[in-house]
Amino acid sequence: MSKSEFYKNLQAEVNRIDKAKVAKRFEKVINSFTSDPNPRAVIAKKAYTVFNSNDYLGLRHHPELKKAEHDATTRLGTGPGAVRFISGSFQTHLILEQALADFHKKEAAILFSSAFAANLATIFSLVRKQSRDSLLNENTLILSDELNHRSIIDGIRITNLDKAARMVFKHLDIANMEDIIKQNIGEFDRVVILTDGVFSMLGEYQDLAAVNEVIGRYDAKYPQGILLIVDDCHGVAAFGKTGRGCEEVCQSPADVIVGTLGKGFGVDGGYVAASQAVIDYLRESAATYIYSNSISPGAAAAAHQSIKIIDSPEGTLLLQKLENNIQLLKKLLRSKGFEMAADSIHPIQPLLIGDALKTKALITEMFKRGYLLSSINFPVVPKGRDEIRIQLSAAHTSDDIQNFVNSLELSYDHLGFR
Ligand SMILES: Cc1ncc(COP(=O)(O)O)c(C=O)c1O
């Protein structure tokens with residue numbers, strides 16, 4: 001096939017995606033934000049209230065984060081200039097890693113350019129040898145929740161382990177997970193359990209206490225034990241009284257936490273927090289750490305400021321405000337008879353619509369009324385469970401939420417949804 005034929009092939013595939021009405025590339029481009037207490041996104045000169053952002057605490061517009069980023073950039077430059085072990089390691093990276101380790105009560109932490117990059121390299125590194133003379137034992141059983149994030153799925157794919165060593169347990173089904181662990185005693189030297197903390201489709205979360213109970217029962221049956229890796233990107237800086245995520249809500253720890261700085265923390269980048277041995281090993285083995293730039297020194301300084309705010313009285317108030325907003329939205333939606341796809345206690349609140357075309361019509365109608373919203377459709381959710389994923393922030397005011405629900409009612413009436 002010639003190159004031009006290949007390009008034609010690519011174009012045909014894009015056309016197919018467009019025809020199926022599942023294209024993602026027609027992005028809404030934000031030009032600026034208003035200076036409201038809850039900054040609104042300005043798109044083509046019109047301001048929109050954002051209900052589809054992961055900025056759960058509203059920290060991305062915080063003046064102290066901007067100042068920390070600006071000061072560090074002035075001192076250290078806009079980019080890292082090299083990967084960490086060459087000349088791209090900055091004081092702000094080290095301070096942030098220590099702060100993240102302390103935040104999660106783990107021995108150490110390591111930064112990545114994103115949580116996606118963190119998952120890819122962490123899963124591969126903790127399963128496969130990096131070189132022929134490596135002392136790592138590869139005889140691992142991977143156990144993964146069936147609705148885990150794409151970055152976990154891809155991390156598992158690149159391990160290239162036999163199918164029998166890559167098992168999937170039913171979503172949130174601890175009994176199913178236990179069965180697989182039980183059935184494989186004697187077959188593998190260790191088990192690695194992989195799960196999202198909070199799942200982003202419905203705002204539900206894995207019961208880490210129940211997972212740890214199972215681990216406690218079977219850990220000694222595997223020569224190298226059972227390792228629990230939790231990707232809590234939607235949990236950290238959003239979930240739990242002090243924003244520690246699922247570990248706090250479940251009162252039960254993971255061995256390894258994968259987090260993002262790009263959601264509740266309001267910046268960008270990813271990280272892993274774990275024992276010193278795991279982190280030291282990842283610094284020697286994780287390809288997306290060794291061969292890829294870290295976040296900029298300014299972003300690291302901003303993320304450190306974010307942690308300081310979350311752990312201050314202001315952070316306690318923000319987390320309380322987020323909780324109040326969740327309660328308020330749920331109460332208003334319930335009182336108006338809206339049906340939810342799940343009873344979430346997380347700032348992700350899934351409004352059940354049940355049909356892809358209806359979700360699209362509702363998003364378009366709400367956009368006309370000044371709101372940014374997103375849907376989750378089949379096949380990400382089962383047929384008939386298409387939803388609007390409402391995402392709350394501590395930055396939303398009570399009026400924002402009240403007005404949002406009123407607009408939702410008007411949109412339902414306008415579209416003949418009830
Ligand atoms: C569960 C989960 N893991 C990983 C990621 C990736 O995070 P990042 O944007 O830092 O790569 C996301 C974000 O969508 C996520 O929801």
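1. The C-alpha centres of domain 1 and domain 2 lie 28 Å apart. Domain 1 covers 26–55 + 313–415 and domain 2 covers 63–310; these bounds come from an automatic or database domain assignment.

2. The model is predicted: local features need pLDDT of at least 70, side-chain atom pairs count only at pLDDT 80 or more, and totals for chains, interfaces and linings use all residues. Residues are numbered from 1 along each chain as its sequence is written.

3. Between the domains, 16 residues of domain 1 are in contact with 17 residues of domain 2, where contact requires C-beta atoms, placed from the backbone, to lie within 7 Å. On the domain 1 side, helix H12 (313–335) and strand S11 (348–352) each give two or more residues. Helices (H or I, at least four residues) and strands (E, at least two) are DSSP runs, numbered from the N terminus. This side of domain 1 holds 9 nonpolar, 5 polar and 2 charged residues. Ala, Val, Leu, Ile, Met, Phe, Trp, Tyr, Cys and Pro count as nonpolar, Asp, Glu, Lys and Arg as charged, and the others, Gly among them, as polar.

4. In helix H3 (residues 91–103), the buried residues include Thr 92, His 93, Leu 96 and Phe 103 (buried: 20 or more other C-beta atoms within 10 Å of its own, with C-beta atoms placed from the backbone). The buried residues of H3 pack against helix H2 (63–76), strand S4 (108–112), strand S10 (270–274) and helix H11 (297–310). Just after H3, Lys 105 has a positive phi of about 55°.

Note on methods
Two residues are in contact if their C-beta atoms, placed from the backbone, lie within 7 Å. A residue is buried if 20 or more other C-beta atoms lie within 10 Å of its own, exposed if 12 or fewer, and partly exposed in between; C-beta atoms are placed from the backbone.
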